[in-house]
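Please look over the structure below.

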Amino acid sequence: MELKRVVITGMGALTPIGNNLQEYWEALKAGKSGCADITYFDTEHFKTKFACELKDFKVEDFIDRKEARRMDRFAQYALVAGDEAIADSGLDTDSIDKNRVGVIWGAGIGGLETFQEEVKAFATGNGTPRFNPFFIPKMIADIAPAHISIKYGFMGPNYTTVSACASSANAMLDAMNYIRLGHCDVIVTGGSEAAVTQAGMGGFNAMHALSTRNESPETASRPFDATRDGFVLGEGAGALVLESYEYAKARGAKIYAEVIGGGFSSDAYHITAPDPEGKGVIAVMKNTLENSGIKPEDVDHINTHGTSTPLGDVAELKAIKAVFGDHAPKISINSTKSMTGHLLGAAGAIESIASVMAINHGIVPPTINHTTVDENIDPSLHLILNQPEQREVKVALSNTFGFGGHNCCIAFRKI
């Protein structure tokens, strides 16, 4: 059978550097850091005292206060970003065939804050199990797409993908494939996360995964820099409306870009550490090129996973060199996590949005906070450091990898 083409017609973003799509894009171009001292709880006893929290976000501006209390922050974020993407797409949600509209979402952890607070309350009680009746439906990871589906009456496929930091990239590729195969006309996809909590920070600190640059949090996320010492935890959501090309054209929708393919692979190496030679990353990018029907020399830009960890950054760049060879130095390579921090399950969504905006505007956002060259990184690679780059971007890739060795890559092309 002939596969349908898939396009992006709407986007929404709720990030540490902007509470909507336009704010997010302007901050990316400006090289704005979203990192600061944590305000959600007392960090006196924590090794890392900073994160990339949302700024000036009031949920009651978007969701009824009573309804918001029944939702964990990760689900609130999903609904807000989803609303923006749906509005941006111009979909007439009253007249469409809702049986052919789905919501496929990604979350690496889900309602961590809800779980933390309920268990703390039980542990400090007298042993009587007095739990909030909304405890379970607030916590479970699949509740985010459920809220979007219920609000709009979308009755197509509805579920959450969980593959750690690759979760929303997995969700987007599932959405692409449902539309490619003709099962749906439209799917709202993306991801959300709200792990800036005592449990989240404490857990990642125990793994020695987080930066501890407490004296200068705004510069702590520094992918590719020789002095990087771990990732910075972020929070928020990204949402994209995917449609078949024919459906979007028939309704006169604006089109941001085409989703031309993607790939999956596993490192099959370690529960948290990447394969040092990037074998799984090599495989996922090769899979993506084949699935998308493009050649290595067609790629103009790669938004890397680039978390700012000593091992991960080097392994990913080695893989890029291995896959793209002589063309690798011609690719504009960046990591927007230098500004947003690492949004875990939402990372793939907001970084895909950044890649699509680069295609639309001919601007590749910078990797900020770079001061010291890492001798382990091939100097021929074209890293976009500290300042944005103006260039035509016809094809962009977005890499997203998760603990457990889960690798995803998505390819976007200019229409």
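Which residues are buried in helix 6?

## Helix 6

The model is predicted. In helix 6, the buried residues are I143, A144, P145, A146, H147, I148, S149 and Y152. That is eight of the 10 residues in the helix, which spans residues 143–152 and is mostly covered.

What do the buried residues of helix 6 pack against? Three of the partners are helices: helix 2 (65–69), helix 3 (73–89) and helix 5 (135–139). The others are strand 4 (101–106), strand 5 (158–161) and strand 6 (186–193). After helix 6 comes G153. Its phi is positive, near 75 degrees.

## Helix 1 against helix 13

Helix 1 covers residues 21–30, and helix 13 covers residues 347–361. They pack with their axes 11 Å apart, at an angle of about 75 degrees. Angles of 65 to 115 degrees count as roughly perpendicular, so helix 1 is roughly perpendicular to helix 13.

Helix 1 supplies L21, Y24, W25 and L28 to the contact. Helix 13 supplies I350, E351, I353, A354, M357, A358 and H361. By class, nine of the residues in this contact are nonpolar, one is polar and one is charged.

## Aromatic pairs

How many aromatic pairs does the structure hold? There are 10. One of them joins F41 and F46. Their ring centres are 5.2 Å apart, and the planes make an angle of 55 degrees. The pair is tilted. Both F41 and F46 are buried.

F204 and F231 form another pair, with centres 5.3 Å apart. Their planes are at 75 degrees, so this pair is edge-to-face. F204 belongs to helix 8 (residues 198–206). F231 sits in the loop between helix 8 and strand 7 (236–244). The pair therefore ties together parts that are 27 residues apart in sequence. F204 and F231 are both buried.

## Ring cluster and a charge over a ring

Which residues do ring pairs link into a cluster? The members are F115, F122, F131 and F135.

Y245 has a charged neighbour over its ring. R5 lies over the face of Y245, 4.2 Å from the ring centre.

Notes
Residues numbered from 1 in each chain as written. Predicted model: local features only at pLDDT ≥ 70, side-chain atom pairs only at ≥ 80, totals over all residues. Heavy atoms only, no water. Axes fitted to C-alpha atoms, helices over the stretch in contact; angles between N-to-C directions. Helix = DSSP H or I, 4+ residues; strand = E, 2+ residues; numbered from the N terminus. Parallel < 35°, antiparallel > 145°, perpendicular 65-115°, else oblique. Contact = heavy atoms within 4.5 Å. Nonpolar A, V, L, I, M, F, W, Y, C, P; charged D, E, K, R; others polar. Phe/Tyr/Trp six-rings, centres within 6.5 Å; stacked < 30°, edge-to-face > 60°. Buried < 20%, exposed > 50% of the residue type's maximum accessible area, 1.4 Å probe, protein only. Lys NZ or Arg CZ within 6 Å of the ring centre and 35° of its normal.
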